[in-house]
Amino acid sequence: MFRIAFSAGQKWDDLKVSGNHGDHDHDHGGSSHTHGATADSDQRWLGGALAVLAAFMAGEVIVGIVSGSLALISDAAHMLTDAASIALAMWTIRLAQRPASGRMTYGWKRAEILSAQANGVTLLILAAFLGFESIRRLFSPSEVTGVLVLVTALVGVVVNIAATWMISRANRTSLNIEGAFQHILNDLFAFIATAIAGVIILVTGFARADSIASLIVVVLMIKAGVELVAKASRVFLEAAPKHLDPAVIGREMVSHEHVVEVHDLHIWEITSGSPALSAHVLLKPGGDSHGVRVVLAAMLLEKHGIDHTTLQVEVRAATDLGMPGN
């Protein structure tokens, strides 16, 4: 949230408008409220990508145990987060279709944030465990079957490419789907590192390459986990999204020729990719409260993508603002 007052510096003598004096206008700006994933997102493609990843993940755990490769088990743990991100996107699509009712005035939009928070924390816990084990194996390396590591990693690259293609066929205008898409692309680096480790083990017998590859995966897991927790925390704290600066938006709103002041300005996210704004807007005497509200709401939507706006627009008489009457 953000609270500040922005005041305009226009000359009152230059004002020539018509409107209602002392009027209060409360409304929600924007013509649509599409929050999170939408109903037209293609769940069939998401389901296909999830099935492919889940099947490979199960096989990778088995091969990792048989070959003694911690890198493969680390990859499987990372892939678990990929599968979770896809499942989350599918779940959010269904939740987004539920209308707000009763006490759930925003519907179930923030269920996505709860899940993302849990996913991020789990990812960090897994990274801590695997990181500890990787460091331990650096000092006391275990025997690793290089062939199994290399073959499995190469298959993993192919599987990730297939899953990426499937998700790209779905509706990537959804931030959830786009996040899953980018997450799987990031996982390719982990499999490439593991494949390189397999080659090194085969050629040189340097078993510590497996632990080094595992540590690379751990770094990627920590990065993803921290980002998830940070983004979810910002939503829970109702902070303004990083790409929306309240100071900049406040100045843009007060730059309207009929606006005197903007205060009680709050910008937050209902869920990821669904910014909302509320503000109290004071107009010069004679200002058109409805017309200004429409213009401000259109500006916020077009320039900043804020389609959920609540603007209380009030016209103050000159005497209310300490100004001489006509």
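A residue is called buried when its relative accessible area is under 20%. The model described here is predicted. By this cut-off, 6 of the 8 residues of strand E5 (residues 308–315) are buried, so the strand is largely enclosed by the rest of the structure.

Strand E5 has a parallel partner. Strand E4 (residues 275–283) pairs with E5 over 8 bridges. Within this pairing, Ser 278 is bridged to Thr 310 of E5.

Helix H1 covers residues 43–67. Several residues of H1 are buried, among them Trp 45, Leu 46, Ala 49, Leu 53, Phe 56, Met 57 and Glu 60. An α-helix has 3.6 residues a turn, so residues three or four places apart point the same way. Just after H1, Gly 68 adopts a positive phi of about 75 degrees.

The surface also carries a nonpolar patch of about 620 Å². Phe 189, Ile 192, Ile 196, Ile 200, Phe 206, Ile 212 and Ile 216 make this patch. Two elements, helix H5 (175–204) and helix H6 (208–236), each give two or more residues to the patch. The largest share, 4 residues, comes from H5. Ile 216 is placed in helix H6. Ile 216 counts as partly exposed because its relative accessibility is 40%, a value between the cut-offs of 20% for buried and 50% for exposed.

Terms used
Residues numbered from 1 in each chain as written. Predicted model: local features only at pLDDT ≥ 70, side-chain atom pairs only at ≥ 80, totals over all residues. Heavy atoms only, no water. Patch = residues over 30% accessible without salt bridge, like charges linked within 9 Å, V, L, I, M, F, W, Y side chains within 5 Å. Areas by Shrake-Rupley, 256 points an atom, 1.4 Å probe, with all protein chains shown as cover. Salt bridge = Lys/Arg side-chain N within 4 Å of Asp/Glu carboxyl O. Buried < 20%, exposed > 50% of the residue type's maximum accessible area, 1.4 Å probe, protein only. Pairing = 2+ DSSP bridges. Expected span 1.5 Å × (residues − 1).
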